[in-house]
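Subject: Structure handover

Hi,

Here is the structure for you to look over. My notes follow below it.

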Amino acid sequence: MYGALGGPRLLLRRLREVMAEPVSPQARLDKIVVHIAANMVAEVCSVYILRADGRLELYATEGLNRDAVHRTTMRASEGLVGLIAETAEPLALADAQTHPAFSYRPETGEEIYSSFLGVPILRGGNTLGVLDVQNRARRVYTDEEIEALQTTAMLLAEMIASGDLQSLAVEPGADIALGRPRSLAGVALSEGVGLGHVVLHEPRIVVKQLIAEDLKHELERLDKAIGEMREGLDALIERGKLEPGEHRDVLETFRMVAHDRGWLRRLREAVATGLTAEAAVERVQNDARAKLQRHPEPSMRERLHDLDDLANRLLHQLTGQSYVAAHDELPANAIVVARAMGPAALLEYDRSKLRGLVLEDVGGGSHVAIVARALGIAAAGDVANVLDFVEPGDAIIVDGVTGDVHVRPAPDIEHAYAEKARLRAKRQEQYHRLRDVPSVTRDGVEVELHLNAGLLVDLHHLEETGARSVGLFRTELQFMLASRFPKTGEQERLYRAALDLAGERPITFRTLDIGSDKILPYMTQVEEENPALGWRAIRIGLDRPGLLRTQLRGLLRAGAGRDLRIMFPMIASLRELEEARAILDLELAQLERHGRAPPASLKIGIMIEVPSLLFEIEHICAAVDFVSVGSNDLLQYFYAVDRDNKRVSRRFDPLSPPFLRALKRVVDAARASRTALTLCGEIGGSPLEALALLGIGYRSLSMSATAIGPVKAMVVATDLRLARSFVMARLDEKSSALDLRAELAAFAEEHGVPL
């Protein structure tokens, strides 16, 4: 009935004017339905909004009984309106009352109307409500009218999302669904409690201009943006120079979708209905999200991420806006929310304003998690679909201990977490008072506690925690944050700065540990069937000795006249250790030839991460100055379990007797050869697991800064003689039903050991 495209264009302009008028939200909504009915030549126009309790409520109407407003409600699957809300698809009927889903509501007075057209009000694929029109005469609504009503619904989605209508809820618990509290479960990445407001790492584009002035121009803009986006993706993939956090297979998927004819056709068809290029992208993505979210196949629902990211890239290409948040505009108490993120991106945020991090697709083993721990911010990962439920500025809480995330929390939840944050701060103060207390058990056994680091910002924690030394300095983080391979001089300056900051405390530098999940953005990624067991760490260094020599040269120069400790990762055999030592000897000889001062002392060690070393551990210990157990990788290789695979990562417990017996084997060999031994995996930073490690003979543990206080509190409260007797007795048991974790926790409680 529009006749010409000018109808919807004029309607949208008029509705924009109405939305800007200084009237109450109800008066504004009442005016909107009057204008829609007049423009659609309809006798009825109604707006139903989805409430937090899952019911649809009539919020405004032109043509039905006005007394039914805020009185008529229905389930989200009830009646024609409920059917539209449930399926998220438009419905056009010439004779609505003959449809099997029709539900008669006498208070509305709708029995005199025959034809019906309704469309979902969508935002991000989520149904916010339903917009419908009705006529007495039996009438077939045209595709143009359906499209026009869908476009109008996009404007209503903006109004609902703004929160203006929240004040219209008349019953307790009848708040609008979009603004209702949400509790989401994830995995803990970095301990702490963060209370603040949402900042999207990749800000959404708010499409304000819906109706096109010039269709030809909009199609040209769309085609140009698609072409530029394709070229950018092609260049990224072909150069192999990926942004931090991006992976080749993800970009390949983006490229495939960007060339999908069906997707491109839908975009052009949307523009042809009179939308701007931006509005067309939003319309197509809303429809796609609505369908895929409701698809029974999980694999289809997983495609949402790819489509979301691609649509977001295209919108940023169209508008020319930055693809990441403006770091200089960060609000106080910011909680950054993102699909995924590389460590470099996190470091760009103002630490003084950053309170937390929430990620959809990142697990605890990622390097952004390591950076979050270094910065001391609460972080949670693997929080499914969190981006579907948040808006910029929303109140949000991230629990870095449990991995739980609360969006728009209820007052009682917010109060409970504020109290939790207060108690945590109090505990941290108690741990701080332990800083200068010797790390000695009740029966006089010293336990050395060291700091894991990878960034210069980590080293400030040495003084705060009273750590004995830096037991592990992950040198690869510098490489991951750089845009190109750091030169010898750049590496030398970093290592010298680290040594300066550490002062008298030693630093154990681990050589470059890249490969698997640690991808350098400027190196061509090697496609492997199983990267965790592939070309990584020392294997790259031995195959590309120039890389390893450059790093060793920087370390030796920085360590001139100082005590220097260098550790090789991922050593799998004595032969590999000898090859690495030979490369180091070449650099030492070159240092002497050039008349450069050598380190005052040089100690060489390895990380024990590969189970093969357990079977030549005596020879290994005799060949090095120290060994350090990398329990994270050792555990996953020991049990052949991917620690980042949620289906299997929790299947095996680091406190299982077989694994503890393997760790005990290292203790016995190191003690026999009088080789210094440290454990620097995550289990060393957990008081319960650390208690078990003390029981099997470990006396040196390296961990994150936040773990040192709790572990020291455990150490000073422990009678090691009793703990050792308890743990060793359990390891001698033959029963497969042994639950050492539960029994050790009970032992700690009985003996007053804090965990």
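A cut-off to start with: a residue counts as exposed when its relative accessible area is over 50%, and as buried when that area is under 20%. By that rule, Glu749 and Glu750 are exposed, on the face of α26 turned away from its buried side. Please keep in mind that this is a predicted model.

Overall picture

The protein has 755 residues, and 53% of them count as buried. It contains 26 helices and 22 strands. Take the contacts between residues at least 6 apart in sequence: 67% of these join residues at least 24 apart.

The last two helices

Back to α26. Its buried residues are Leu740, Leu744, Phe747 and Ala748. They sit on the same side of α26, because they cover an arc of only 100 degrees around the axis. Elements that cover them include α22, α23 and α25. After α26 comes glycine 752, with a positive phi near 70 degrees.

Helix α25 runs over residues 720-731. Its twelve residues reach 16 Å from first C-alpha to last, close to the 16 Å expected at 1.5 Å a residue. Leu720, Ala723, Phe726, Val727, Arg730 and Leu731 are buried in α25. Seen down the axis, these buried residues fall within an arc of 130 degrees, so they line one face of the helix. The general rule behind such patterns: an α-helix has 3.6 residues a turn, so residues three or four places apart point the same way. Exposed Arg721 and Ser725 are on the face of α25 turned away from the buried side. Cover for the buried residues of α25 includes α22 (657-673), α23 (687-695) and α26 (740-750). At the start of α25, a side-chain oxygen of aspartate 719 comes to within 3.1 Å of the backbone nitrogen of arginine 721.

Cores

The largest nonpolar core has 95 residues. Which members touch the most others? They are Phe509, Phe568, Ile606, Leu663 and Tyr698. Helix α22 supplies the largest share of this core, with eight residues. A second, separate core holds 64 residues, among them Leu156, Ala225, Ile226 and Ala270.

Isoleucine 606 deserves a separate entry. Leaving out residues up to four places away in sequence, its contacts include Met567, Phe568, Ile571, Leu577 and Leu613. Ile620, Val624, Phe626, Val627 and Ser628 are also among the residues that isoleucine 606 touches.

Two loop residues

Aspartate 95 lies in the loop between β4 (91-93) and β5 (115-123). Its side chain makes a polar contact with the side chain of arginine 138, at 3.0 Å. Beyond four places in sequence, aspartate 95 touches Ser114 and Arg138.

Glutamine 209 is in the loop between β9 (193-200) and α5 (215-239). Is glutamine 209 partly exposed or buried? It counts as partly exposed, because its relative accessibility is 46%. Not counting residues up to four places away, glutamine 209 touches Arg16, Thr276 and Ala279. Alanine 277 is 68 residues from glutamine 209 in sequence, yet 9.4 Å away in space, C-alpha to C-alpha.

Cysteines

The search of the whole structure found zero disulfides. Cysteine 45 is buried, at 0% relative accessibility. Cysteine 621 is buried too, with a relative accessible area of 1%.

Best wishes

Note on methods. Residues are numbered from 1 along each chain as its sequence is written. This is a predicted model: local features need pLDDT of at least 70, side-chain atom pairs count only at pLDDT 80 or more; totals for chains, interfaces and linings use all residues. Side-chain values use heavy atoms; hydrogens and water are left out. A disulfide is a pair of cysteine sulfur atoms within 2.5 Å. Buried means under 20% relative accessible area, exposed over 50%, partly exposed in between (1.4 Å probe, protein chains only). Helices (H or I, at least four residues) and strands (E, at least two) are DSSP runs, numbered from the N terminus. The expected span of a helix is 1.5 Å times one less than its number of residues. The arc is that of the directions from the helix axis to the C-beta atoms. Contact means heavy atoms within 4.5 Å. A polar contact is a pair of N or O atoms within 3.5 Å; within protein, one must be able to donate a hydrogen and the other to accept it, and residues adjacent in sequence count only if both atoms are side-chain atoms. A nonpolar core is a set of buried Ala, Val, Leu, Ile, Met, Phe, Trp, Tyr and Cys residues joined through side-chain atoms within 4.5 Å.
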